[in-house]
Amino acid sequence: MIHLKQGDMLAQVGSVIASLMFVWAMFKQYFPYELRDRLEKYTQRAFTFVYPYIQITFHEFTGERLMRSEAYSAIETYLSSSSSTQAKRLKAEVVKNNQSLVLSMDDHEEVADEFEGVKLWWASGKNVFKSQTLSFYQVTDEKRYYKLRFHKKHRDVVIGPYLNHVLREGKAIKVRNRQRKLYTNNGSYWSHVVFEHPATFKTLAMEAEKKKEIMDDLITFSQAEEFYARIGRAWKRGYLLYGPPGTGKSTMIAAMANLLNYDIYDLELTAVKDNTELRKLLIETSSKSIIVIEDIDCSLDLTGQRSKKKAEEGDENNKEQKPRLPKDERDGKSSQVTLSGLLNFIDGLWSACGGERLILFTTNFVEKLDPALVRRGRMDKHIELTYCSFEAFKELASNYIQIESHHLFDKISDLLREVKMTPADVAEHLMPKTLPGNAEVCLESLIVGLEKAKEVAKLKAEEEAKEKELSPPPPASAVMEEAKENNNNNPKPNKE
């Protein structure tokens, strides 16, 4: 009898629900949109009076999806500890050189949290939007979010102390679990691999005093957030590394990243279409990162003096105007990034989008760069990496063949004062041919290499001197003009 009554009750409830759905469908079909919209608005407003909870939504992307929300990222990291014990469906991510896993809750899961006696609930979700259809599949756009729900009487506690606690703890956990990455750009998009370069300042072939100066500068920068805010400057610093090939510029970048625990963004300017695309790439870089443009002297038309270009443009204006290229040919150019666009990237308004970033250029020929590109304030610190000195050699010897002194060191010291050899070439001679290596064999190989380099340099100097002797003397008019110019530049002192 009881079972029959329960069955009748369920049937009645189902009938009522079906009737309500039918009425709602008829209402939506025949009533004007304005009336329906107003009714829904007042219904929701009335519901809020009865419903005692407040919801806050944190979306993954902000600013028309230009950049990933730091709040969303911090919340995701903060909830990872709660997720592993409460959620039934989890997502796993490998961190710290593939040695550990971090778990986070999957989409449409909910976990509880407590702060100062206040109970809260976090829920994850995503909205899926269909976009354009390609040849064989439908491209979809997913936008994820977190929703925080709490009782309205705890509004002041949650919006103030609790959310600050979540963001602070999330960032701290993220730093501890951070798996550093090496990014490169393909057009306007970044892709990455795990950064595992072993270079450190300890293994860097450089004078100890200069090495310490660079390390102190980097550490001071990483701890200077309040200082940069006080003086009204973006929290960034520019470094220019210059010197001959093989002097360790790329190794220096890796050592900087390992010292500060920063990611590296290796920006290939020739793959960037224009200044707008460059700006988009900059916005998507994270804090605690090094933005690198290697061989800046070879990247696009960014070298040379702008005054010379203006003079050339003036000469061209006097000539017959060239026919305008067809649109297809203009669009086919590899890149239209300009010097002004790059300067705005370094220290313009867009350079303040994010903090704690190093902007680093490398070049083999610093004299080719436009002075506007490398002046102080843009490239704040210039670091010259030059040929191997004896002190740098001792560092290499300690790293490669594990010796601190040897009777051949004096001879090598004399040769290094006479011969220009890069640290890369010195390291190649010190590389053991068999393991374990023989230190004396490696040092003798280096001595032979230095002596050969000395002989080559001597022959080259003799050939240049011979060419100079055989070259015809300058015309008399040129000599007189040069003498006149020297007299103008160095006038005789007045006897009076």
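I count two strands as paired if DSSP finds at least two bridges between them. Strands (E, at least two residues) and helices (H or I, at least four) are DSSP runs, numbered from the N terminus.

**Model and confidence.** I am working on a predicted model, in which local features need pLDDT of at least 70 and side-chain atom pairs count only at pLDDT 80 or more, while totals for chains, interfaces and linings use all residues. Residues are numbered from 1 along each chain as its sequence is written, and side-chain values use heavy atoms, with hydrogens and water left out. I looked up pLDDT, the predictor's confidence in each residue from 0 to 100. The protein chain averages 80, and 75% of the residues score at least 70. By element, mean pLDDT is lowest in helix α11 (residues 327-331), at 41, and highest in α6, at 95. Residues 316-332 stay under 50. That stretch has three contacts (heavy atoms within 4.5 Å) beyond four places in sequence.

**Sheet.** I traced an open, mixed sheet of seven strands, ordered β10-β9-β12-β13-β14-β11-β15. β10 (189-194) and β15 (381-384) are the edges, each pairing on one side only. From one strand to the next, the twist averages 25 degrees. β9 (residues 181-186) runs antiparallel to β10 over six bridges. Leucine 182 faces valine 193 of β10.

**Helices on the sheet.** I took angles between N-to-C directions, from 0 to 180 degrees, with axes as lines fitted to C-alpha atoms, for helices over the stretch in contact. α6 lies across β11, β14 and β15, at about 150 degrees to β15. Helix α12 (residues 339-347) touches β11, β13 and β14, and makes about 140 degrees with β14.

**Cores.** A nonpolar core here is a set of buried Ala, Val, Leu, Ile, Met, Phe, Trp, Tyr and Cys residues joined through side-chain atoms within 4.5 Å. Buried means under 20% relative accessible area, exposed over 50%, partly exposed in between (1.4 Å probe, protein chains only). The largest core has 28 residues, and Met252 and Met256 touch the most other members. α6 (208-222), β11 (236-242), α8 (249-260), β13 (289-293) and β14 (357-363) each give two or more residues. α8 gives the most, seven. Beyond four places in sequence, I find methionine 256 in contact with residues including Phe201, Ile214, Tyr239 and Leu360. A second, separate core of 27 residues includes Trp190 and Val337.

**Tyrosine 72.** I found this residue in helix α3 (residues 70-78). Tyrosine 72 is buried, at 3% relative accessible area. Its contacts beyond four places in sequence include Phe58, Arg144 and Tyr145.
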